[in-house]
Amino acid sequence: MSNMQNMIRCGFICILFMVYGVEAQVASVGPPKPPLGKRWVLNPDFSDEFNGTELDTTKWLNYHPTWIGRPPGLFMPSQVSVKDGFLQIKGEKMKQDTIVHAYGKDIVFNIKGGAVVSKKAAFLGYYECRVKAAATSMSTTFWFSGNNVTGPKGCDQYSQEWDIQECIGKQGDFKGSYFASGMHSNAHYWYNDCEGERHDYRASQVRFENEEVASKDFHVYGGWWRDALHASYYYDNRAPKHQKFFDSISSKPMNTPMYMRLVCETYPFPWISLPTDEELADDTKNTVYYDWVRGYELVDVHESTTLKPEALIKIYDEGVYFEQSVLQVKSTNKLKIPLTYKANVDRTVTLKLLNEEGKMVAQKKFTAHAGYANMEFDFELLQVPKRSSNYKLVSHMCIKEQKDQILDINTIIINLKN
């Protein structure tokens, strides 16, 4: 006998939610379902639609503040632009070799690359971007890293690197050819021990496969920095994959804020071959196009937020969604109804519980604050039903303070069995 049947025999009420006409929609963009009692809200410090004519210098640097680039690719602000609705980072060949004195030595560069770095550091949250890779062997990346901090022994140091996506846009005969398609997510624990030796400790790489090269079309790459030990990754509309960070040195390896980085760089040969002069001269191949980047943070469901950038972007298909098909509760007159909602601005939601005769037996109303929320709602009946019966639950999402302007209606049948 199933667990559900056992629970019914023990005097539990089984509430069967049958969704009519509308299924919980799974968007190709936006954060995953938040934890119960929490709501995702857009974090403007790490979000940009790139619809202007220049980089927003209140949010971004057009250079990397601690790294000039991997030779022979030099990060140059001239390669970063915002136009036609995209952040564009172009790879090009230099007219002549350039020698830069850095890190105590002279370094030769002959390829131009670019980096865009957030001015503020992020800590936990969900981050995603929609990007089309350059059709060369230069990188298209979306990642985070932080500076050295004191390690667990006091005489050591560590820094963090969280790579949501690293790829190139060209296939070839080299060791890292698999980087030309799909999604590749890494987490590094860069560790300097007490003897001064540097180690690159990595979590197991997470990969999503795709037959198509990353430069053929736009893709959405997302990462959820859940806590100091775990992350989840999202590629287009596929099921997520999960990762545990390297924790042999520290039990909380990813525990300090990191800066967002959007970078086009050269990779070392022979792992990845360098781009050809012809590719770098071809404007149909040499540019990375970031359509947008978005960051989200978790807040309590009922917490009102001052900033509501969702209203400008209109991320969500707004509505109330009942995601579970069967809910089991103890035999009581108090029903807990799980639901999620998505709203681009504050909305008013009304929930009406109707009995078999169509009479309203309970009504609840709440403000659905902007964002993507996961919550439970309590309904109290006057008495416990003495026989099996059907109830109908109707949800209305309305423009706040305008009851007659309904944006979404969802109806479910609740089957109560003694």
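**Exercises: a polar contact and a disulfide**

The side chains of Arg-198 and Asn-192 are joined by a polar contact of 3.3 Å (a pair of N or O atoms within 3.5 Å; within protein, one must be able to donate a hydrogen and the other to accept it, and residues adjacent in sequence count only if both atoms are side-chain atoms). Before you start: this is a predicted model, where local features need pLDDT of at least 70 and side-chain atom pairs count only at pLDDT 80 or more, while totals for chains, interfaces and linings use all residues. Residues are numbered from 1 along each chain as its sequence is written, and side-chain values use heavy atoms, with hydrogens and water left out.

**Exercise 1.** Work out whether Arg-198 is buried, exposed or partly exposed.

*Solution.* 
- Step one: recall the cut-offs, with buried under 20% relative accessible area, exposed over 50%, and partly exposed in between (1.4 Å probe, protein chains only).
- Step two: Arg-198 has a relative accessible area of 44%, so call it partly exposed.

**Exercise 2.** Find the disulfide and work out its handedness.

*Solution.* 
- Step one: look for a pair of cysteine sulfur atoms within 2.5 Å. Searching the whole structure turns up one disulfide.
- Step two: the partners are Cys-155 and Cys-194, with sulfur atoms 1.7 Å apart.
- Step three: the torsion about their S-S bond is about 70 degrees, so this disulfide is right-handed.

**Exercise 3.** Check Cys-129: what is its nearest cysteine sulfur, and is the residue buried or exposed?

*Solution.* 
- Step two: Cys-129 has 0% relative accessibility, so it counts as buried.
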